[in-house]
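Dear colleague,

Please find the structure below, handed over for your records. My findings on the ligand site and on the aromatic pairs follow it.

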Amino acid sequence: MMHYTIAVVPGDGIGPEVTSQAVAAMKKAGEKYGMEFTFNTVKAGGAAIDEFGECLPQHTIDVCKSSDAVLLGAVGGPKWDALPGEQRPEKALLGLRKSLGLYANLRPAMVFPELADASPLKPEILSQGLDLLIVRELTGGIYFGERGHKETDMGYAAYDIEQYSVGEIQRIAKIAFSMAQKRRGKVSSVDKANVLDTSRLWRKTVAEMSKDYPDVELNNFYVDNASMQLVRDPSQFDVILTSNLFGDILSDEASQITGSIGMLPSASLGEGNFGMYEPVHGSAPDIAGTGKANPMAAILSAAMLLRFTLDQKEAADAIENAVKQFLKDGYRTADLAGGADACSTEETGRLICERIQ
Ligand code: NAD
Ligand code: IPM
Ligand code: MN
């Protein structure tokens, strides 16, 4: 029997609703595949502000660091939107990523055939296939650059600086190239090299690195074109390598192509096996507490945890297959149902757990 310790950060809004279903799926997979988990639940984001007066208590960081992996829901919500940037719930997420050294964010997007109807793309576009992996740089760029305020001749101004070092670009590019080697051998690097110096350094560094990966085809896209190509013909993409900000935007776009943002999981990795796993979506304050949240992104994030951090491939497959079977059996969550009958968050979790074999 393998024993693992998982830090659970449910967060705000629908975060706790979807993470509890992901935890249930892990427990079920544990029973089937000889794993025992200790789940240590800690607070971050708005929940931590309300209880401790700060969005990311040191205790939360310590518990995460001493665990095998972290499972996170989502943070943020209108209740805390008026707080200064440094105190907002979202700062907790950035702080966790930075303090845990998680510079690589993997966001796979694929269409489950059963959900083709839920995608806004025409069937003839979707039938070309959609199975891509966004490799998003996660601890650098404009999210973490110098920022401030100053007076200008046009009045008070705010600024955020985008900065990338060669080392930061190399380490994320390395992940993208090695992922492509295990997939369809294609990296599309997305930047804005026609305008930004950071992007020109990005493009040059990625091109140099590609020499070490002769089996991987590299092509470059400007981000505006990439966002258009994603809806014109998503089948042309295998691995998309991009910066923190562009990756954030493109992954929400990719999620909707798959049918709903409620389907997209993510893994945040650094050196070693440790990782933080969370859905791509946010805390969805508009549906929090209604039982309408789709827990599949969170459940699929748990499967990524088993696969990437714990190397429990069979258990990960079992969870992913259970999600597929739930959809094959005709069940839908509200975001996917298009007005038809929908399963609640809890029902969805239960029906998926029943299908974990
Ligand atoms: P969001 O992803 O929370 O919601 C966007 C839309 O998608 C909403 O209509 C929502 O109802 C729907 N949606 C999202 N997840 C869903 C799910 N699982 N099932 C069904 N529908 C779902 O994005 P937003 O509204 O821009 O942000 C809300 C809050 O979440 C903000 O405070 C934002 O900063 C935060 N946020 C947090 C994270 C995170 O913690 N990882 C990610 C994104 C946004
Ligand atoms: C995400 C979120 C976060 C990000 C926010 C909440 C800080 O949108 O994980 O996609 O921009 O990285
Ligand atoms: Mn986002």
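Of the 21 residues around ligand 1, those that come nearest are Val75, Glu90, Gly282, Ala284 and Asp286; a residue counts as near if one of its heavy atoms lies within 4 Å of the molecule. This is a predicted model, in which local features need pLDDT of at least 70 and side-chain atom pairs count only at pLDDT 80 or more, while totals for chains, interfaces and linings use all residues. Residues are numbered from 1 along each chain as its sequence is written, chains are lettered from A and ligands numbered from 1 in the order in which they are written, and side-chain values use heavy atoms, with hydrogens and water left out.

The shell around ligand 1 comprises 10 nonpolar, 7 polar and 4 charged residues, with Gly counted as polar.

- A polar side-chain atom of glutamate 90 lies 2.5 Å from an oxygen atom of ligand 1.
- An N or O atom in the side chain of glutamate 278 is 3.0 Å from a nitrogen atom of the ligand.
- Serine 283 places a backbone N or O atom 3.1 Å from a ligand oxygen atom.

On its own, ligand 1 has 800 Å² of accessible area (Shrake-Rupley method, 1.4 Å probe), of which the protein covers 69%.

Across the whole structure, 6 aromatic pairs are found (ring centres within 6.5 Å). In one of them, phenylalanine 177 and tyrosine 213 are stacked (planes under 30 degrees apart), at 4.8 Å centre to centre with 10° between the planes. This pair links distant parts of the chain, 36 residues apart: phenylalanine 177 belongs to helix α6 (residues 166-182), and tyrosine 213 to the loop between α7 (197-210) and β9 (217-222).

Technical notes. A polar contact is a pair of N or O atoms within 3.5 Å; within protein, one must be able to donate a hydrogen and the other to accept it, and residues adjacent in sequence count only if both atoms are side-chain atoms. Rings of Phe, Tyr and Trp (its six-membered ring) pair if their centres lie within 6.5 Å; planes under 30 degrees apart count as stacked, over 60 as edge-to-face and the rest as tilted. Helices (H or I, at least four residues) and strands (E, at least two) are DSSP runs, numbered from the N terminus.
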